[in-house]
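These are my notebook entries on what I looked up, in the order in which I examined each topic.

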Amino acid sequence: TVEELRAEIKRRSELAKEAEKKEPRCRNCKHLMNHPQVRGMYLCGARTWGKTYSRHYCVKLCTKACDKFENKFE
């Protein structure tokens, strides 16, 4: 019935939200730094790129954390 389908969709969406909360994000990493020149942008202190000049990757707060993630709350 329609009610059963709605209940199943609601249950699956709640499970997906819970699983998403468990994944680490860049906002909880101790390597996250504010961009010195651009307000609202962030840099990853652990990841760099460039051969001649070493530059940090720009990240968003909601980005899934990389393999160098270290929780700043622990």
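I looked up the largest cavity and recorded a volume of about 60 Å³, a volume being the space filled by probe spheres set on grid points joined across faces, edges and corners. I took a cavity as a set of points on a 1 Å grid over the protein atoms alone where a 1.4 Å probe fits but cannot get out. I noted that the structure holds 1 cavity of 30 Å³ or more.

This is a predicted model, in which local features need pLDDT of at least 70 and side-chain atom pairs count only at pLDDT 80 or more, while totals for chains, interfaces and linings use all residues. Residues are numbered from 1 along each chain as its sequence is written, and side-chain values use heavy atoms, with hydrogens and water left out.

I then listed the lining, whose residues have an atom within 4 Å of a point; among them are Cys26, His31, Cys44 and Phe69. By class, I recorded 8 nonpolar, 1 polar and no charged residues there.

Next I turned to Arg25, which I located in the loop between α1 (2–22) and β1 (32–34). Arg25 counts as buried because its relative accessibility is 14%, and buried means under 20%. I found a polar atom of its side chain 2.8 Å from the backbone oxygen of Cys62.

Last, I placed Glu4 in helix α1, a helix being a DSSP run (H or I) of at least four residues. Glu4 is exposed because its relative accessible area is 56%, and exposed means over 50%. I found a polar atom of the Glu4 side chain 3.2 Å from the backbone nitrogen of Thr1.

Terms used
Helix = DSSP H or I, 4+ residues; strand = E, 2+ residues; numbered from the N terminus. Buried < 20%, exposed > 50% of the residue type's maximum accessible area, 1.4 Å probe, protein only. Polar contact = N/O pair within 3.5 Å; in protein donor to acceptor, adjacent residues only side chain to side chain. 1 Å grid on protein atoms, 1.4 Å probe; cavity = no way out; pocket = protein on both sides within 12 Å on 5 of 7 lines; lining within 4 Å. Nonpolar A, V, L, I, M, F, W, Y, C, P; charged D, E, K, R; others polar.
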